Amino acid sequence: MLAREVTVDRFTVLFVDDETDFVESLIKRMERRNIKAYGVHSGEEALDLLAAAEIPVDVVVLDVRMQGMNGIETLKTLKKRHPLIEVVMLSGHANLAVAKEGMEMGAFDYLMKPVDLDELLYKLEDAFQKKTLNQARTKNP
Amino acid sequence: MKRLRQYFDKLVSRRRPLEQVDAEALRLDFRARYHAFKLLLAANNKSLEVMADIERVLEGSYPFGMTFVRACSTALSVNVFNMIKYLDQLSHGKYKDLYARFDHIQARIETGLAHRRSVSHQDLVVPFETVNKEMVDLVGNKMANLGEVKNRLGIQTPEGFIVTVAAYEAFLNANDLQTEIDTHFQAADTTGISNLYALSSDVQQLILKAEVPAALENAIRRAMASLKPKKNGRLSLALRSSALGEDAPNTSFAGQYRSILNVGADSVLEAYKEVVASKYAIQAILYRLNRGFRDEDIAMCVGCMEMVDAHAGGVMYSCNPVDQRDDAIFINAAWGLPKTVVDGSDACDLFVVSRKPLMQIRHSEISVKRRKFDCFPEEGVCRMELTGDLRKKPALTEAQAIELATIAVRIEAHYTVPQDIEWAISHDGALYILQCRPLQQLKAAASSGSIATVPEENPVLIQGQGITASPGTAFGKVFPVQKSMDILSFPEGAVLVARQALPVWASLLSRAAAVVTEAGGFAGHLANVAREFGVPAIFSVPRALDILKAGDVITVDADNVSIFKGKIDAILGKAPVRGNLMSGSPVFTTLKEISRWMIPLYLLDPNSADFQPRNCKTLHDITRFAHEKSVSEMFNFGKTHDFSERSGKQLYRHVPMQWWILNLDDGFKHAVKGKYVKLEDIASIPMLAFWKGYAAVAWEGPPPIDGKGLLSVMFGSTMNPALASGVRSRFADRNYFMISKNYCSLNSRLGYHFSTMEALVSDRVSENYVSFQFKGGAADDSRRIQRVYFIRDILFEYGFRVDVREDNLMARVEGGNAAFMTDRLKILGYLSLHTRQLDMIMANPALVRHYRSKITTDIDQVIMSDA
């Protein structure tokens with residue numbers, strides 16, 4: 001077996017999805033891989049949790065269709081308040097226009113359900129690496 | 001290439017020491033760029049995978065739905081957008097025009113995907129007496145046809161009303177159902193039939209739990225109030241599906257949706273939802289998938305008609321469905337409701353009525369009818385066992401058969417095409433038409449009546465007992481199906497053997513080789529779908545389940561109503577190839593249309609002046625452009641920043657050919673100072689694999705050139721200035737590697753041709769790939785192209801997907817584990833050395849055979865065996 005190209009430090013991910021079971025199952029699967037994972041069920045909850053700054057979140061996985069604030073609205077506010085946090089959109093509804101809107105607002109990527117766990121994990125690692133590099137460059141411009 | 005070389009030259013000549021702080025900032029900058037480059041490569045990889053998926057399904061062999069089309073187009077767009085974004089970052093905004101090109105292309109894709117149905121009518125419910133065939137967009141095909149029969153031909157049908165397409169849209173919109181349904185489809189794993197079952201059940205539950213909007217409920221109640229109650233004072237209705245998009249040319253949709261019989265006034269709203277939900281019955285989902293219908297194009301209208309409590313009923317065809325030359329009217333009849341005939345659940349009578357010179361019964365077969373369906377006094381229908389003489393008595397009198405045939409001919413004359421008509425006769429003798437639709441007629445089997453010589457070891461199991469429900473021949477293992485759960489375990493290519501020809505078995509027809517049933521006529525739904533799918537079927541075979549043993553291989557000759565043990569090639573030889581059911585379908589057409597903006601590659605030559613963002617016509621062009629420029633931008637880093645750590649180093653090797661290496665990240669085992677790097681310092685797994693293949697077998701030198709070959713080379717060099725340098729210094733060309741531990745790209749000019757190889761080999765198996773592009777040669781076009789095909793065939797043999805356009809060869813393999821991928825790289829390394837100048841021998845078949853054999857032997861015995 002080859003070594004991973006870049007060894008990624010473990011990171012913290014926040015899942016935002018109104019499907020409670022889905023979030024719980026993802027958290028469990030992440031924890032099995034030694035990744036700290038948290039879940040909330042609305043955009044509002046996600047923004048509150050990030051504002052409280054009690055958990056150092058690196059990457060947010062954001063559903064698109066949710067009650068209350070939808071994924072795009074949440075993304076907009078989130079990127080404004082926390083530009084260094086990377087956001088991976090995870091949608092149950094393939095929609096070209098919404099995907100483009102999300103990407104233009106600074107989402108790291110836009111994946112569709114059902115997502116392969118390895119694919120999601122690679123994406124989260126890549127997003128975390130990007131965040132780490134951006135952080136370093138912010139400190140050392 | 002020229003620019004790359006200039007860059008390397010500058011790197012070598014203009015080095016100066018950097019301040020420590022500068023160096024740290026540059027290291028960080030380079031890491032960020034390399035990360036962006038890797039993400040761009042991953043997006044490129046994903047884009048190419050999606051494009052390959054689209055091309056594969058457009059070959060027409062696989063069924064796919066709009067969920068697939070939408071998911072592919074979204075994934076492709078997202079990844080292409082990412083490539084533009086990362087190139088933007090690498091190039092500091094040099095190619096911003098790409099965003100405009102992307103928007104332009106995406107707008108066209110979105111137009112192609114747009115759901116085109118617009119509901120212009122507002123009526124939620126329309127009375128049946130106002131309906132005709134022009135109203136198909138409001139009431140669906142089935143009810144429009146029936147309204148035409150009633151109101152324009154004056155033929156008796158039950159009274160009633162239709163819940164329209166506007167009502168369907170209102171029902172969906174009030175509950176945001178379409179989005180919910182789409183979400184369920186996208187999230188479902190539709191690869192296995194058990195997953196489809198779960199999906200079907202979930203979506204139907206969504207619909208059944210949804211509220212009927214008040215306006216629609218009121219409209220339905222008002223319409224019911226205008227109908228006559230039965231003698232017992234209660235209203236009794238039959239609710240029949242009438243989907244928009246049903247009965248399109250060459251499609252049957254036979255029996256895919258529910259009809260609910262004998263429904264009381266209090267249950268109408270629930271029954272309405274059940275009929276709407278039946279759009280997502282497993283057989284309906286599979287039918288749409290296999291025939292390429294867009295889910296959103298099928299709107300469910302529902303006909304609510306007074307229930308005919310039938311004394312006898314059935315289905316008639318105005319012509320022979322399996323022989324276009326036969327214009328006799330074929331009537332299937334059973335006691336009670338026509339459901340027995342439609343469901344294929346019991347044997348039924350057959351009356352064949354000829355039209356000329358006088359309408360008369362040409363032939364009749366009276367079956368033993370064991371059961372019938374009747375209406376319960378309150379609601380619903382029940383199955384009754386028949387006893388006594390009634391079982392053997394004809395369900396129609398001769399006069400009734402002639403009367404029915406006369407009506408069939410009238411309807412056919414009106415529509416000008418043969419018709420499939422459901423009918424019922426009430427207890428007081430009144431004849432009603434319940435539905436009609438175009439009949440799909442097949443040509444008679446050419447071999448009908450002639451049985452091939454059958455070897456002795458293949459005994460006849462069944463002969464002459466039963467009817468041809470769908471013509472053709474096939475073989476497979478017997479798989480009896482008795483309960484709906486058997487659908488889950490039905491194997492691909494088996495022969496479906498069942499007691500009854502039930503519509504639910506239609507969901508297996510895309511997997512079944514043939515169908516044999518003990519009961520059912522050729523007018524049932526299953527027979528219709530079998531004919532449509534080209535699946536041979538024999539129905540009404542007595543004791544089929546006893547005679548045909550599970551797991552036995554049998555040959556079914558439906559043309560001659562015969563079944564044999566084993567596989568008989570003499571019979572199967574005449575089997576027609578099943579047609580491509582997807583081609584021309586709405587889903588196929590949608591994907592074909594939007595793929596024009598995705599798949600074709602117009603930007604072939606990066607050295608051309610036309611290689612510009614403004615000339616990107618497709619998403620593929622954008623990926624090609626972004627990939628090419630990203631490689632240049634990575635090389636340009638050193639040029640811009642004069643940073644020796646990230647400069648090219650020459651591979652220390654005693655050969656005239658120059659190999660230059662740029663370490664992107666962790667491609668060296670340790671820090672390497674100076675201008676040179678040794679092979680033992682290299683840590684790049686893909687580069688080392690390529691090199692192993694390159695160095696494995698010594699090159700014998702140029703092939704023996706005949707006079708014609710040499711002239712051709714000289715002519716090519718004279719006419720093509722780009723090749724002139726190759727002639728002068730064919731071993732002094734520089735080859736450029738960019739490497740990290742798991743990544744490697746190589747731009748090279750080996751011998752006369754220019755090639756690009758790129759590979760990622762890591763433990764992210766799903767992201768692994770090896771790609772190889774190669775162009776040109778010094779021989780004339782024909783030899784050059786022959787060499788391209790020569791290499792194509794070799795690569796194909798070792799698992800590459802290869803595409804040849806003009807003299808460009810593009811090969812790719814992906815998703816293999818490290819051992820598999822490094823073997824492919826070794827093959828490419830070997831071929832890069834050993835196919836040089838082979839274009840010169842392409843006119844000599846003996847030499848071509850010699851080199852092909854030598855290459856295969858070398859690869860199998862040296863390259864692949866060292867693992």
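**View 1. Five strands of chain A form an open, parallel sheet.** This is a predicted model. The strand order is β2-β1-β3-β4-β5 in chain A. The edges belong to β2 (36-40) and β5 (109-112) of chain A. Each of these two has a single partner strand, so one side of each is left without a neighbour in the sheet. From one strand to the next, the twist averages 20°.

**View 2. In chain A, strands β1 and β3 run parallel.** β1 covers residues 12-16 of chain A, and β3 covers residues 59-62 of chain A. They are joined by 4 bridges. A:Val16 faces its opposite residue, A:Leu62, in β3(A). Strands of a sheet pair through backbone hydrogen bonds.

**View 3. Helix α1 of chain A lies across strands β1 and β2 of chain A.** The helix spans residues 20-32. Its direction is about 170° to that of β2(A).

**View 4. Strand β5 of chain B is largely enclosed by the rest of the structure.** The strand spans residues 299-306 of chain B, and 7 of its 8 residues are buried. β2 of chain B (residues 160-163) runs antiparallel to β5(B), with 4 bridges between them. Here B:Gly160 is set opposite B:Met305 in β5(B). Strand β3 of chain B (residues 236-244) also pairs with β5(B) in the antiparallel sense, over 8 bridges. B:Cys301 in β5(B) is the bridge partner of B:Ser242.

**View 5. Helices α24 and α25 of chain B cross at roughly 140°.** Helix α24 holds residues 818-834 of chain B, and α25 holds residues 845-863 of chain B. Their axes come within 11 Å. The crossing is right-handed. From α24(B), the contact uses B:Lys826, B:Ile827, B:Tyr830 and B:His834. From α25(B), B:Ile855, B:Asp858, B:Ile859 and B:Ile863 take part. By class, the residues of this contact are 5 nonpolar, 1 polar and 2 charged.

**View 6. Chain B meets chain A.** On one side, 35 residues of chain B take part; on the other, 28 residues of chain A. Four helices of chain B each supply at least two residues of the side that touches chain A: α2 (20-58), α3 (66-91), α4 (97-113) and α7 (177-187). The most comes from α3(B), with 9 residues. This side of chain B has 13 nonpolar, 13 polar and 9 charged residues.

Conventions. Residues numbered from 1 in each chain as written. Chains lettered and ligands numbered in written order. Predicted model: local features only at pLDDT ≥ 70, side-chain atom pairs only at ≥ 80, totals over all residues. Contact = placed C-beta atoms within 7 Å. Nonpolar A, V, L, I, M, F, W, Y, C, P; charged D, E, K, R; others polar. Axes fitted to C-alpha atoms, helices over the stretch in contact; angles between N-to-C directions. Left-handed = near helix turned anticlockwise from the far one by under 90°. Pairing = 2+ DSSP bridges. Buried ≥ 20, exposed ≤ 12 C-beta atoms within 10 Å, placed from the backbone.
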